[in-house]
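Reader: Hi! Could you walk me through this one? I'd like to start with the strands.
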Amino acid sequence: MQSSSFRYSRCPGALSANSRRGFLKQTSAGFGWLALAGLLGEQSRSQAAPQSTPSHHTPRVKNVIFCFMDGGPSHVDTFDPKPALKTYEGKAIGAGAVSKRSQSSAGRVWLGSPWKFRQRGESGLWVSDLFPQLAQVADELCVVRSMVGELPLHGQQNLLLHTGRIIGQAPSMGAWVSYGLGTENRNLPAYVVLNNDWVPNGGLENFGSSFLPATHQATQLRAKGVPVDNIRPGDSLSLQQRKLELLAAQDQIFADKVSAASPIESAIANYETAFRMQTLIPEVSDISQEPAYIQREYGVDSTDEHQHYYATQALRARRLVEAGVRFVEITCPSFDSNNSPWDQHGQLKKNHEKNARITEQSVAALIVDLKRRGLLDETLVVWAGEMGRTPHTPKVTPTCGRDHHVNGYSLFLAGGGFKPGITFGETDEFGNAVVEHPLSIHDIHATILHQLGLDHEALTFRHGGRDHRLTDVHGHVIQEILS
């Protein structure tokens, strides 16, 4: 990880003369041999000291768990009740409700929610019957109802949500957190994606490090079978040492021939992490060590394989943050070959209920479990899709659905110093457009970084002749939702 002198130079991507990398590039033995010597000297240690760097200010949280609801859950069917949709159901929306940011035309008609909304908990937070388990933790949720996106397209919005750019080609939020803070456990990466056997729209760029060193890209753990290929060593320790020595020698020869050593540094660092992961990843991934009642709370015992695997990953998420992983993302499983599971253009009621059944028990259990262990204050749970759904449809039928909508949608945050049991922002009476406190994903990114002790304007990396940051030239910390 970066040293303090490197971290606080004018830009973390600009190398100072006394930076670690600058020193290592000038040593005669080369980076590869130094890294290998350190690795082999520590190979017997199952738990090592944290690898972290100073924050910009005192952090409120240490870890983030991002529950990614790919496809776009409907805001007007989850956390943003709109009685007017039932009152005017079947009536044309008219020209005034048409927007370029949603699939809309004047002839489309309003569609009411098939689920009832109720006020939940002591806070009276509105949650629909679609989420009976999340309704029980309503007093822990900070619901933002005024998100505004850029394009009603899955790939672009996914990339925006993850990287702050609709075109990608930028590091993901998890990579920035890894770069800024490092890992609390040398045996584990700082950024882990708990995947469910598919790649969302936008591709692997959603989880990549782009121009940041490759050590900050996500390590993916699959739900089914062995979490990581080759995590259990096939060779003896002595043979692994010989292979690493050979790799280091080859890398040194290559490094001597190139002008930029950063990719080679990253490769060596990844070898180090992979070597150490052999000890801890199998242990952390093994949820059979958890008490039976905990597994039941998450839904691991479900006969629905999709719910079982999602519950497995959610429980692993808690174990990973306990072990010191900074940023964990959980993706949704696809049950109908749709790589945007919440994307219900048709069969809204059937498939939103299926998605809710697969995921919401586990997310609610995760929040309860973290709080019970005293971890919710220092762990932020983020629940978000890349967009919302239109409050209108071409024609009201028993199998109709909702289309893409970025004019106004909802997400929630729990723990991590966010005000519990509140809503922030408003959409109009139909849920068609934001009318109060419009927010962009840049604002959410800035606020998450702030809670981690990072200034989103100061966390930069020089690339292509300029300083880049997760929030680009946008974003502000949303102080109103912080406790």
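Author: Happy to. Two terms to begin with: buried means under 20% relative accessible area, exposed over 50%, and partly exposed in between, with a 1.4 Å probe and protein chains only. Helices (H or I, at least four residues) and strands (E, at least two) are DSSP runs, numbered from the N terminus. This is a predicted model, where local features need pLDDT of at least 70, side-chain atom pairs count only at pLDDT 80 or more, and totals for chains, interfaces and linings use all residues. Residues are numbered from 1 along each chain as its sequence is written, and side-chain values use heavy atoms, leaving out hydrogens and water.

Reader: Thanks! How many residues of strand β15 are buried?
Author: Seven of the seven, residues 409–415, so β15 is largely enclosed by the rest of the structure.

Reader: And which strands pair with β15?
Author: Strand β6 (residues 141–147) pairs with β15 in the antiparallel sense over five bridges, and Met147 stands opposite Tyr409. Strand β11 (residues 379–384) is also antiparallel to β15, over four bridges, with Val381 partnering Ala414. Pairing here takes at least two DSSP bridges between two strands.

Reader: Is Cys67 buried or exposed?
Author: Cys67 is buried, with a relative accessible area of 0%. Cys400 is buried as well, at 12%.
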